[in-house]
Amino acid sequence: MTEHDPFERDLRHVLDELAAVPAPDALRARVAAIPHLEPSGARAGGISRFLTARGRAFRALSTLAAAAVILVAAALVVTTLPGGGATPGGDGGATLPTRPAATGSPASSAPAATAGTVVIVPTPLPSAAASSSPALPGTPSGFEAASVTFVSSEDGWALGSVSCGSSAPCAAIVKTTDGGRTWTQATAPQTALHRAPVQPGSGAGVSGIRFANASDGWAFGPDLWSTHDGGATWTQVTIPGMGAGTMVVALETSDGMVHAVAWNGSGSYRIASSPVGTDAWQLSSVQIPVGAGPVPQIQLVLSGSAGWAVEVDRVVVGGARLSGGTWRSWTPPCSNAMGPALLDAATPSDLVAECDGGIWGTPSDPLQNGQHLYVSTDGGLAFSRSTASVPFSNVDAIAEPTAGSIVLGGTRGQATSVGVIATSTDAGRTWASYDLPAGSVVQYIGFTTPAQGVVIVETGTATHLYMTYDGGTSWTETAVAGS
Amino acid sequence: MEGRPAVEASDRHEAADDARARAFAGLMDRRTLDSAYRYATLILGDPDEAEDATHDAALSAWRHFAELRDQERFDAWFGRILANACRDRLRANRRVRALTEMPAAREHEDDLGNPPDRHVGPDPTDRIAGRDAIAAGLRRLSVEHREVLVLRFWADLTVIEIAARTGVGPGTVKSRLHYALRNLRASIDADEYGRYAR
């Protein structure tokens, strides 16, 4: 949160003004009476229901009078209150009886798909109240996937978290050799899994994983670890010229090179590159501005020897483009649309962007208002606005498996958000979509081949991987480990 | 002597109950109740509903107080209980009073008798109109979006803390924050408040 942002400053003032009234004395009296009504903490639900329903009447009474009436009522009530209470287990403290969260309840049955459209057959997802199910053979118990990478249609790795007795979850890695159908535990760098946004002061650890081939891989965000023996051993590395406290905020590999976006907490983003077989990182001269909003984010996309970096901080702030082995400043699509943008590339020439214009101001081009798709066929030098429509309102991830084929992940609806994956094979003219379980949020979409891709979905506090082997026509959940 | 063990056991239980009640009262102090009531007011938009939700949360906290292993984490623990109590009340009542229908934010002294802060800017009329628009926009948000905005911009929690408080993952929190701000921003006239743009 930046103190200089006028909108957020006004938002804070409004919230302070709306919450200006302190707790009334009647509420203090009611709360003070609680231990006296239930000295041992035993449930007497009729009492509390009586208190809640008649709370307004008691506000006019003195503390003593209220307590006297309550005691009389307690002697007459025999019913019990239905289960209540929270599950503050995420705070590392109490273990209250759990109940399903407001969102994230598992679907009771597989939702129906419209004819000829995406068919997703998710396995029943665990509710927040479910106890841990047995771990699959070879996978660490309680593994939650945070990032996934494939180097072929068979070989892939997933980075996730496991409990390890410390306050922060430990990083863990699982590997597949059958295209994600089964997974086994692999060696992970000895560090924490970083779940917060990578920002100054957000702590150490890693949040992403990428492999270039069966031998060379990296775990990153904010720290950087590399392996050159297929994950048997990991070494923490630094990027020369960036200084202490440098965070790696994005990393991708393609065409024998690995590229990372690094930031030392001040100044601009920088891009460093290295051949995949070594850790010979070199900084490029290009600098990408960070932006003035609260949560700057860099998206790094590679295809063959080409690459693009887009910085979004509420609006498109800046970018860089890789061509001929050199990163140079580049103006991403939707730079004047006053909203965010997402980008992917099917080939070094074919790119697609989804933009949501007009959120933070008036676009210079009125046609950029609202959600639109933009396509480029010249490697990002020029984009044209597609006449295709975006099938839902909140897009969180985009992928382009082949030129003209688009996969979107996000949520639709505002009062009740529903996670959705939508696929088009005709550049967005028609879409096949499927709703994910309630409360789901799509975190990532990636394709290894035109046919095989993976989606990371967060539902409540659990994450799930969905695989497609037919270009997004159908998806199946892959059980990485017991939850 | 016969009967002494029962008497001693009773004394021990009473002493334990007293200790527990004192510890609970110490944690459920004025600051905690004020903060809880203010949060409930922001979420529910109605002072009576906020009072009942805060009481429900306090009652639930008392009943499960023995399960709080680390009293240093009381704020986060109770905050989660309170968030659930507010959502339960919304589900039960299926209504949310307009935040703008609440009594106008009163200028009041704080507990130490200090006068209220006065936000003086170069253009007070525009500022007031802008804040009214924000208040109206908050009313139109879903409870999930209002929740993350309140926890982020009023309670100053981090994404991880918000995730623990609301029972969802950090990615969901980030997504909700993004769309909550977007939806709130979209409800405000972009031309009139172009100063909010980059």
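In the predicted model, the axes of helix α2 (residues 30–44) of chain B and helix α3(B) come within 8 Å and cross at roughly 130 degrees. Axes are lines fitted to C-alpha atoms, for helices over the stretch in contact, and angles run from 0 to 180 degrees between N-to-C directions. The arrangement makes α2(B) oblique to α3(B), where angles under 35 degrees count as roughly parallel, over 145 as roughly antiparallel, 65 to 115 as roughly perpendicular and the rest as oblique. The crossing of α2(B) past α3(B) is right-handed; a crossing is right-handed if the near helix is turned clockwise from the far one by less than a right angle, and left-handed if anticlockwise.

Chain B has eight helices and zero strands; helices (H or I, at least four residues) and strands (E, at least two) are DSSP runs, numbered from the N terminus. Of the 198 residues of chain B, 53% count as buried, a term that means under 20% relative accessible area, with exposed over 50% and partly exposed in between (1.4 Å probe, protein chains only).

Aromatic contacts were examined next. Rings of Phe, Tyr and Trp (its six-membered ring) pair if their centres lie within 6.5 Å; planes under 30 degrees apart count as stacked, over 60 as edge-to-face and the rest as tilted. By this rule there are 10 aromatic pairs over all chains. One of them is the edge-to-face pair of Phe24(B) and Phe65(B), at 5.4 Å centre to centre and with 85 degrees between the planes. This pair links distant parts of the chain, 41 residues apart: Phe24(B) belongs to helix α1 (residues 4–27) of chain B, and Phe65(B) to the loop between α3 (47–63) and α4 (74–93) of chain B. Phe24(B) is buried, with a relative accessible area of 1%, and Phe65(B) is buried as well, at 6%. The ring centres of Phe74(B) and Trp77(B) are 5.9 Å apart and their planes stand at 45 degrees, so this pair is tilted. Both residues lie in helix α4 of chain B, three residues apart, or about one turn of the helix, and both are buried. In chain A, one aromatic cluster is formed by Trp157(A), Phe211(A) and Trp234(A).

Charged groups also lie over rings. The charged end of Arg181(A) sits over the ring of Tyr469(A), 4.1 Å from its centre, the criterion being NZ of Lys or CZ of Arg within 6 Å of the ring centre and within 35 degrees of the ring normal. Arg152(B) lies over the face of Phe153(B), at 5.6 Å from the ring centre.

In chain A, four strands form an open antiparallel sheet in the order β18-β19-β20-β21. Strands β18 and β21 (384–385) of chain A stand at the edges, each with a single partner strand, so one side of each is left without a neighbour in the sheet. Two strands pair if DSSP finds at least two bridges between them. Five bridges join β18(A) to the antiparallel strand β19 (residues 351–357) of chain A, and the two form a hairpin with five residues between them. Strand β20 (residues 370–376) of chain A pairs with β21(A) over two bridges, Val375(A) having Ser384(A) as its bridge partner. In a regular strand the side chains alternate between the two faces of the sheet. Both faces of β18(A) are covered, with Ala341(A), Leu343(A) and Ala345(A) buried on one side and Leu342(A) and Asp344(A) buried on the other.

Residues are numbered from 1 along each chain as its sequence is written, and chains are lettered from A and ligands numbered from 1 in the order in which they are written. In this predicted model, local features need pLDDT of at least 70 and side-chain atom pairs count only at pLDDT 80 or more, while totals for chains, interfaces and linings use all residues; side-chain values use heavy atoms, with hydrogens and water left out.
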